[in-house]
Amino acid sequence: MRAMIIKEFRELRRDRRTLALLVVLPLLLLVVFGYAANFYVSSTKTAVIGPQAAQIAAGLPDYFDVTHTDAAQNRADGEMLLRENTVDVVLVTGESGPAPVEALVDGSNLFAAQSTVSVLNKAGGDVNTDVMFNPDLKTSWVMVPAIIGLILTFIGTIVTSIGLVREREAGTLEQLAVMPIKPSQVILGKIAPYFLLAAVDMIVVTVLGMLLFGVPFTGNVLVFALGAALFLFVVLGLGVLISTISQTVGQAIQTAFFFLLPQILLSGMIFPLDAMAAGVRWIGYLLPLTYFTMISQGVMLRAAPISSLWLPLVVLAAMAVVVFTGATMRFRHDLAPNAPRSTTTTDDVSDPA
């Protein structure tokens, strides 16, 4: 019994991925649920426009982080500020007098909208609240665009990496080393079926979300398709990268899980980024799902123009270049005829005693 226990500890020590899963995952969950698990947004970006913009802005509570004031703008200008995601709430003031302020709230930013409506309701009859892009503040309206990205992430990381690793285990991947094919061509050829499969899944989920939950699609389909294609290239590149550092399906699943879990918890899909601690929030800004969610929600709910989505599109394009470059370099090393390959797994490790 004692010898078996010692043997298992030695094998566990050598299996770094399982050890990381046992140690890092609990720490990650502790940090996430300690610093990120918060649905209440303590402040929101606010624009104050209209003739009394300066006076109203000066008297607002700290919850309203005023980033824009303009006495010459009107309600139409305020709606455009929300559509372009410049701010989360616009306070439209009237002419001098007792006329109430009109608050335009961006309902596509669900958590900020819920907190803002709660604060505005306390103001009573002084403010008329109009929730735009998601009038009933339905959770499904903001979750469906994010779930589309989650499905693409699942296919890109787990399914793709498993498929390539299975070829490695079968020995067919090594046969490509003697063929006159560039590593980049091999990668594109391998991921093309997964790209098409993910595209079909994206269309099915989007249509079902619109039919079952009434989620609108108010924006440009081409902008949405561009964002989805860039995001899919990123996650497929991650899947290829995972496959190059994994020798077995089990290793691929473990590694893919480390990539998938932060995407779910820290991308703003479940917990709002604005409510997270600064250190945890910046992790979310490094995740591709964060930017696809910005694009999908912006296009589907707000009909956001491409000019207001340039940042997430550029970030995804940069991520795609970096990830594919890394995957190609790793793949070229694996396809080299004389490249050393380690096929040792924990099952092959024997007790030196």
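Contact means heavy atoms within 4.5 Å. Helices (H or I, at least four residues) and strands (E, at least two) are DSSP runs, numbered from the N terminus, and axes are lines fitted to C-alpha atoms, for helices over the stretch in contact, with angles from 0 to 180 degrees between N-to-C directions. In these terms, helix H5 (residues 110–121) lies across strand E1 (44–49), E2, strand E3 (89–92), E4 and E5, and runs at about 160° to E4.

The structure is a predicted model, in which local features need pLDDT of at least 70 and side-chain atom pairs count only at pLDDT 80 or more, while totals for chains, interfaces and linings use all residues. Residues are numbered from 1 along each chain as its sequence is written, and side-chain values use heavy atoms, with hydrogens and water left out.

**Overall composition and confidence**

- The protein contains 12 helices and 5 strands.
- Of its 353 residues, 44% count as buried (buried means under 20% relative accessible area, exposed over 50%, partly exposed in between, with a 1.4 Å probe and protein chains only).
- Among contacts between residues at least 6 apart in sequence, 72% join residues at least 24 apart.
- The mean pLDDT (the predictor's confidence in each residue, from 0 to 100) is 84, and 85% of the residues reach 70 or more.
- Residues 337–353 have a pLDDT below 50, and in the model this stretch has 22 contacts beyond near neighbours in sequence.

**The sheet**

- The 5 strands form an open sheet in the order E2-E1-E3-E4-E5, with mixed pairing (two strands pair if DSSP finds at least two bridges between them).
- Strand E2 (64–70) and strand E5 (127–132) are the edge strands, each pairing on one side only.
- From one strand to the next, the twist averages 25°.
- E1 and E2 run parallel and are joined by 6 bridges; Ile49 stands opposite Asp70 in E2.
- Strand E4 (residues 101–106) and E5 also run parallel, joined by 6 bridges, and Asp106 stands opposite Met132 in E5.
- E1 is mostly covered, with 5 of its 6 residues buried.

**Helix H4**

- The buried residues of helix H4 (residues 75–83) are Gly78, Leu81 and Leu82.
- These residues lie on the same side of H4, because they cover an arc of only 95° around the axis (the arc is that of the directions from the helix axis to the C-beta atoms).
- An α-helix has 3.6 residues a turn, so residues three or four places apart point the same way.
- The packing partners of the buried H4 residues are E1, E2, E3, E4, E5 and helix H11 (288–302).
- Asn74 caps the N-terminal end of H4, with a side-chain oxygen 3.2 Å from the backbone nitrogen of Ala76.
- Asn85 follows H4 and has a positive phi, near 60°.

- Leu265 belongs to helix H9 (residues 249–266) and is buried, with a relative accessible area of 8%.
- Leu265 and Gly284 are 19 residues apart in sequence, with a C-alpha to C-alpha separation of 8.6 Å in space.
- Ser267 lies in the loop between H9 and helix H10 (278–284) and counts as buried, at 2% relative accessibility.
- The side chain of Ser267 reaches the backbone oxygen of Gln263 at 2.5 Å. A polar contact is a pair of N or O atoms within 3.5 Å; within protein, one must be able to donate a hydrogen and the other to accept it, and residues adjacent in sequence count only if both atoms are side-chain atoms.
- Apart from neighbours within four places in sequence, Ser267 is in contact with Pro262, Leu273, Leu287, Leu289 and Thr290.

- Most residues other than glycine have a negative phi, and most peptide bonds are trans.
- Phe133 is not a glycine, yet has a positive phi of about 70°.
- Phe133 lies in the loop between E5 and helix H6 (139–170) and is buried, with a relative accessible area of 13%.
- Ala303, another residue other than glycine, has a positive phi near 55°.
- The loop between H11 and helix H12 (310–335) holds Ala303, which is partly exposed with a relative accessible area of 23%.
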